[in-house]
Amino acid sequence: SDYIAATIIVQDKEDLELLKGMKEYIMEEVRARKLEIVSERPEKAEGYERKWDIEGKSVEIIVSRAGES
């Protein structure tokens, strides 16, 4: 079965900490082998990118197929 690698970029520090606390749950729900939750975009971020405005806050998610491991 397929898994993903994902990066969630969120600027709000409170939301960042909330998401970090839910990391394992999120990984199970979205079948992620790797999940980064950060406040700044990583230099080598590759994959499908989407920006959302969630309740007035900017959130960016980058998703790619996870490598086999």
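Start with Glu60 and Arg41: they form a salt bridge, with the closest N and O atoms 2.7 Å apart. (A salt bridge here is a side-chain nitrogen of Lys or Arg within 4 Å of a carboxyl oxygen of Asp or Glu.) Glu60 sits in strand E4 and Arg41 in the loop between E2 and E3, so the pair ties together parts that are 19 residues apart in sequence. Strands (E, at least two residues) and helices (H or I, at least four) are DSSP runs, numbered from the N terminus. Glu60 is buried, at 11% relative accessible area, while Arg41 is partly exposed at 39%. Buried means under 20%, exposed over 50% and partly exposed in between, using a 1.4 Å probe and protein chains only. Salt bridges that share partners also bring in Glu49, giving one network of Arg41, Glu49 and Glu60.

Keep in mind that this is a predicted model: local features need pLDDT of at least 70, side-chain atom pairs count only at pLDDT 80 or more, and totals for chains, interfaces and linings use all residues. Residues are numbered from 1 along each chain as its sequence is written, and side-chain values use heavy atoms, leaving out hydrogens and water.

How many salt bridges does a search of the whole structure find? The count is four. One of them joins Asp2 and Arg65, whose closest N and O atoms are 3.7 Å apart. Asp2 lies in the segment before E1 and Arg65 in strand E4, so this pair ties together parts 63 residues apart in sequence. Both Asp2 and Arg65 are exposed. Asp15 and Lys57 meet in a salt bridge too, at 3.1 Å from N to O. Asp15 counts as buried because its relative accessibility is 19%, whereas Lys57, at 33%, is partly exposed.

Now for the sheet itself. It is open, with four strands in the order E2-E1-E4-E3 and mixed pairing; strands pair if DSSP finds at least two bridges between them. Strands E2 (32-38) and E3 (48-54) are the edges, each pairing on one side only. Strands E1 (residues 4-10) and E4 (residues 57-65) run antiparallel, joined by seven bridges. Within E4, Val59 is the bridge partner of Val10.

Lastly, look at Tyr25, which belongs to helix H2. Tyr25 counts as partly exposed because its relative accessibility is 48%.
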